[in-house]
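Visitor: I have a model open here and would like to go through it. Can you take my questions as they come?

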Amino acid sequence: MRGYLDQMFRDSGGIGRMMLAAAFLAALSQPALSEWQREVGPHGVRRAWIDREAPVLGLPCVVRLQFSATGDGGTARDRGRGMLALAFSIAPVAPLKGFDFDYFEGPDAPAKGKKLMSVTIHKDGQRTTHWLAADGWRSADVADGFVFGVADRLRGNPASGRLGKILAEMMRDAQHVEVAVVDGRHPATVLSATFSLADGKNALRELTAGR
C-alpha cells in the first residue's frame, strides 16, 4: 500500500495519476484497518489511537483518530484538572485543494464555536451522530498534516460531557466510527474517514479508567 502512495506523489503525468488513483481506491474498497494502540506518556497523559490509509476527497491520505486523557476527575488532586480530548488528523493536506483548512486554524478562526465536526457511531445497522465544534492547527509531528481537535474538562466522571458520552457509546459493542469535518465556506466539501472499533474497546476502557 505504501508503494501506491510513493508512486502517486512521484508521478507527474495526468493519465498516470488518474490510473494510480483508481488502483489505490480499488485497493481500499475493502480496507484493512490498523489496530488500536495505547500508551501512557509523560505527566500521565494517556492516549489511544488508530491510524489507517484512506482516500480523502479522492486522494490517498494517512488519517488518525486519537483520544487523550489526563487525570480522572475522581480524586482531590485531579478534580477539575482532568481533560479528555479527541483529535482527527489528516496528512498530506496540500493536495486537498477543495477544502479550506484556514477556516479552522487559529484562536480567531471563523469555525470557532461552529459544530462542523461529526462523529457517527455505527452499531448493528443503526447509527448515532454527534456534532462538535472543533479547533484546527497544523501538525507539529507530521509533515503537511492538519489536526481537528475537541477537548472537554473532566468534572468528577470521565463518562460525563460530550466526549465522555461518545466514548461510552463507542464501547457499547459499536462496530465502527466515522469522523467527518464540513468545510465552513463550502458545505458540500467534507473530509471523512471510518475507523474500526473491533479491537479498540479495551484501549478506550483503559483510557477512561485512568490506566
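Visitor: What does the chain average in pLDDT?
Guide: The chain averages a pLDDT (the predictor's confidence in each residue, from 0 to 100) of 80, and 75% of the residues score at least 70. Over residues 1-33 the pLDDT is below 50. Beyond near neighbours in sequence, that stretch has 37 contacts in the model (contact means heavy atoms within 4.5 Å).

Visitor: What are the ground rules for the values?
Guide: This is a predicted model, so local features need pLDDT of at least 70 and side-chain atom pairs count only at pLDDT 80 or more, while totals for chains, interfaces and linings use all residues. Residues are numbered from 1 along each chain as its sequence is written, and side-chain values use heavy atoms, with hydrogens and water left out.

Visitor: Strands next. How many bridges join β1 to β2?
Guide: Four, and the two strands run antiparallel. Strands here are DSSP runs of E with at least two residues, helices are runs of H or I with at least four, and both are numbered from the N terminus. Two strands pair if DSSP finds at least two bridges between them. Arg38 has Ala48 in β2 as its bridge partner.

Visitor: What about the turn in that hairpin?
Guide: Five residues lie between β1 and β2, and His43 in the turn has a positive phi of about 65 degrees.

Visitor: And β2 to β3, how many bridges?
Guide: 11 bridges, again in an antiparallel arrangement. Arg52 has Val63 in β3 as its bridge partner. That hairpin has two residues between the strands, and Leu57 takes a positive phi near 50 degrees.

Visitor: Why is β2 called largely enclosed?
Guide: Because eight of its 11 residues are buried. Buried means under 20% relative accessible area, exposed over 50%, and partly exposed in between, with a 1.4 Å probe and protein chains only.

Visitor: Gln66: buried or exposed?
Guide: Gln66 is buried, with a relative accessible area of 12%. Gln66 lies in strand β3, residues 59-70. Leaving aside neighbours within four places in sequence, its contacts include Trp49 and Leu86.

Visitor: Which residues of α4 are buried?
Guide: In helix α4 (residues 201-209), they are Lys201, Ala203, Leu204, Leu207 and Thr208. Seen down the axis of α4, they fall within an arc of 160 degrees, so they line one face of the helix. The arc is that of the directions from the helix axis to the C-beta atoms.

Visitor: What covers them?
Guide: The cover for the buried residues of α4 includes β1, β2, β3, β4 (83-91) and α3 (161-170).
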